[in-house]
Amino acid sequence: MTKEKIQEQSKETLQSAEQAVESESYIDAAEDAKEQQDGNGQSAETDDPVELKRRLADKSAESEEYYNRMVRLQADYDNLRRRSRLEREELLKYGSEQLIKAILPVLDNFERALASAGDGGEKFVSGVEMIHRQLKDVLNNEGVSPIPAVEEPFDPNLHDAVMQVEDSGKEENTIVEELRKGYFFKGKVIRPSMVKVAKS
């Protein structure tokens, strides 16, 4: 084979290779353009069942997410409404607590007067007893009740120990004397009893 023929064949091979590269570049460019159109949601084949199913699945998932978000918001709203209702009920239940605390010293004074009356002044004593009884009834109707103390075991949640006394006849930590009554208000301690406690 002559040198000229070899050069011609090389030239033809080179041209064929260049044409193939150009053709492949064109195909790649066309595929890139199609992918870009698909990414923008502007595909020419909008009637493709596979594409329609994919879009339907996407919209269904989006709708499900919105529904779940709405359900969570509804649950949060219900919890807030329930919490507000409970706080309002508690406010109504304990709304008169300050009034009760203010009345308790009056009750204390009545009890001191009765304790010091002795045998004299029966009408006075009778009147004070009546007022005392009426006041206790009012407080009882409001949910106020005394805390048991004397002969009870000492409970720091209910009693305030101000003194300890040696008393061989009592078990240790038993309340031997009540210095000031304590009270519950609807089951809540609003004033602990002031007591003396036995120690061994």
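These legends describe close-up views of a predicted model.

Figure 1. The protein has 200 residues. Its secondary structure comprises 4 helices and 6 strands. Along the sequence, the order is α-α-α-α-β-β-β-β-β-β. Some 16% of the residues count as buried. The exposed surface comes to about 15500 Å², and carbon and sulfur atoms supply 51% of that area. Now consider contacts between residues at least 6 apart in sequence: 61% of them join residues at least 24 apart.

Figure 2. Y67 belongs to helix α2, which spans residues 49-93. Is Y67 buried, exposed or partly exposed? Its relative accessible area is 48%, so Y67 is partly exposed.

Figure 3. Side chains of opposite charge can pair when their charged atoms come close. Here D78 forms a salt bridge with R81. The closest N and O atoms are 3.2 Å apart. Both residues sit in helix α2. They are 3 residues apart, about one turn of the helix. D78 has a relative accessible area of 25%, so D78 is partly exposed.

Figure 4. The side chains of E89 and R85 meet at 3.4 Å, N to O. How many residues apart are E89 and R85 in helix α2? They are 4 residues apart, which is about one turn of the helix. E89 has 42% relative accessibility and therefore counts as partly exposed. R85 has 35%, so R85 counts as partly exposed too.

**Figure 5. A network of salt bridges.** Four residues are linked here: E51, R54, R55 and D58. Salt bridges join them into a network. The structure as a whole holds 12 salt bridges.

**Figure 6. E111 and K181, a link between distant parts of the chain.** A salt bridge joins the side chains of E111 and K181, at 3.6 Å from N to O. Where do E111 and K181 lie? E111 is in helix α3, residues 97-116. K181 is in the loop between β3 (175-180) and β4 (183-185). The two are 70 residues apart, and the pair links distant parts of the chain. E111 is partly exposed, because its relative accessible area is 21%. Buried would mean under 20%. K181 has 28% relative accessibility, so K181 counts as partly exposed.

**Figure 7. R191, a buried arginine in strand β5.** R191 is found in strand β5, which covers residues 188-191. Why does R191 count as buried? Its relative accessible area is 12%, and buried means under 20%. The side chain of R191 makes a polar contact with the side chain of D108, at 3.1 Å. The backbone oxygen of K181 lies 2.7 Å from a polar atom of the R191 side chain. Which residues does R191 touch, not counting those up to four places away in sequence? They are L104, D108, I147, R180, K181, G182 and Y183.

Note on methods: Residues numbered from 1 in each chain as written. Predicted model: local features only at pLDDT ≥ 70, side-chain atom pairs only at ≥ 80, totals over all residues. Heavy atoms only, no water. Buried < 20%, exposed > 50% of the residue type's maximum accessible area, 1.4 Å probe, protein only. Contact = heavy atoms within 4.5 Å. Areas by Shrake-Rupley, 256 points an atom, 1.4 Å probe, with all protein chains shown as cover. Polar contact = N/O pair within 3.5 Å; in protein donor to acceptor, adjacent residues only side chain to side chain.
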